[in-house]
Amino acid sequence: AATDPATPPAGEPALVESSLADDPFRGGPATAAAETGERPAPPRRTESARSERSPKDMAISLLVLLIPIALLLAFYRGFLGGDQATTVDPAPAFEQARSANVFPVSQPEGLGSGWRTVSARYQTVEGGANLRIGYLTPEGRGVQLVQSSVPAERLLPAELTGQGQPQGPTELAGRTWQRYTARGNQQALILLEPTRTVIVIGDARDNELRQLAGALR
């Protein structure tokens, strides 16, 4: 008898052809999506976990940075004198002014160790010459001693600016000084003489200005 090729021999299981649509494992998501018309969900991306720093960690990091800075500042102030103003010797400037013999030169005496000289300069300018000595007072204020042969009508507006206003006379060491306001919070004591003008000006208190002016010899 003729054997049907589609009929399996006796004792063997029949082979059944299955389509990809019937087997989801073989067809995969793309095949299923093509048949249903739906777009497959995108695969999930594994995000790397971000390590968030707590306020405590930030404080510790900041402390680690600040400790070396504090040590450097302490070394600068304690061993290198970082907070101390640079002082100069005013003697050469006084000597130069005396040698020029343009005006009589006065020098403070007995101010004490708390007064520090931070600048000293003698120079000729238009209309005369100026001797400028800068001081740092015991309270840490700045004061400048100016002795000049420049006429007062030109010198005072330049030194006091337009804010300078007379405040009345005051007696110091037997001489009559004129009290003035100056730029900002500065004050000035002015001694007017025929051949020179002396100005004590700065943001120091009135008692320190008077001390410097009264020490001039």
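**Close-up views of a predicted model**

View 1. Arginine 132 and glutamate 159 form a salt bridge through their side chains, with 2.4 Å from N to O. A salt bridge here is a side-chain nitrogen of Lys or Arg within 4 Å of a carboxyl oxygen of Asp or Glu. Because arginine 132 belongs to strand E2 and glutamate 159 to helix H4 (residues 152-160), the pair ties together parts that are 27 residues apart in sequence. Arginine 132 is partly exposed, at a relative accessible area of 22%, whereas glutamate 159 is buried, at 10%. Buried means under 20% relative accessible area, exposed over 50%, and partly exposed in between (1.4 Å probe, protein chains only). The model is predicted: local features need pLDDT of at least 70, side-chain atom pairs count only at pLDDT 80 or more, and totals for chains, interfaces and linings use all residues. Residues are numbered from 1 along each chain as its sequence is written, and side-chain values use heavy atoms, with hydrogens and water left out.

**View 2. The whole protein.** The protein has five helices and seven strands, in the order α-α-α-β-β-β-α-β-β-β-β-α along the sequence. Helices (H or I, at least four residues) and strands (E, at least two) are DSSP runs, numbered from the N terminus. Of the 217 residues, 27% are buried. Of the contacts between residues at least 6 apart in sequence, 46% join residues at least 24 apart, a contact being heavy atoms within 4.5 Å.

**View 3. The other salt bridges.** The structure has three salt bridges by the rule used here. In one of them, the side chains of glutamate 139 and arginine 205 meet at 3.4 Å, N to O. Glutamate 139 sits in the loop between E2 and E3 and arginine 205 in the loop between E7 and H5, so this pair ties together parts that are 66 residues apart in sequence. Glutamate 139 is partly exposed, with a relative accessible area of 41%. Glutamate 193 and arginine 196 also meet in a salt bridge, at 2.6 Å from N to O. Glutamate 193 is partly exposed at 25%, while arginine 196 counts as buried at 5% relative accessibility.

**View 4. Aromatic pairs.** Two aromatic pairs are present. Phenylalanine 103 and tyrosine 122 have ring centres 6.5 Å apart and planes at 50 degrees, so this pair is tilted. Phenylalanine 103 lies in the loop between helix H3 (91-100) and strand E1 (116-125), and tyrosine 122 in strand E1, so the pair ties together parts that are 19 residues apart in sequence. Both residues, phenylalanine 103 and tyrosine 122, are buried. For tryptophan 115 and tyrosine 135 the ring centres are 6.2 Å apart and the planes at 80 degrees, so this pair is edge-to-face. Rings of Phe, Tyr and Trp (its six-membered ring) pair if their centres lie within 6.5 Å; planes under 30 degrees apart count as stacked, over 60 as edge-to-face and the rest as tilted. Tryptophan 115 is buried at 9% relative accessibility, and tyrosine 135 at 5%.

**View 5. Surroundings of threonine 137.** Threonine 137 is in the loop between strand E2 (128-136) and strand E3 (142-148). Its relative accessible area is 0%, so threonine 137 is buried. Leaving aside residues up to four places away in sequence, threonine 137 touches Gly114, Trp115, Val143, Ala204 and Glu208. Glu208 is one of the buried residues of helix H5 (residues 206-214), which also include Leu209 and Leu212. The cover over the buried residues of H5 includes E2 and E3.

View 6. E1 and E2 run antiparallel and are joined by nine bridges; strands pair if DSSP finds at least two bridges between them. Glutamine 123 has asparagine 130 in E2 as its bridge partner. Two residues separate the strands of this hairpin, and glycine 127 in the turn has a positive phi of about 90 degrees. E4 and E5 are also antiparallel, with six bridges. Their hairpin likewise has two residues between the strands, with alanine 173 in the turn at a positive phi of about 55 degrees.
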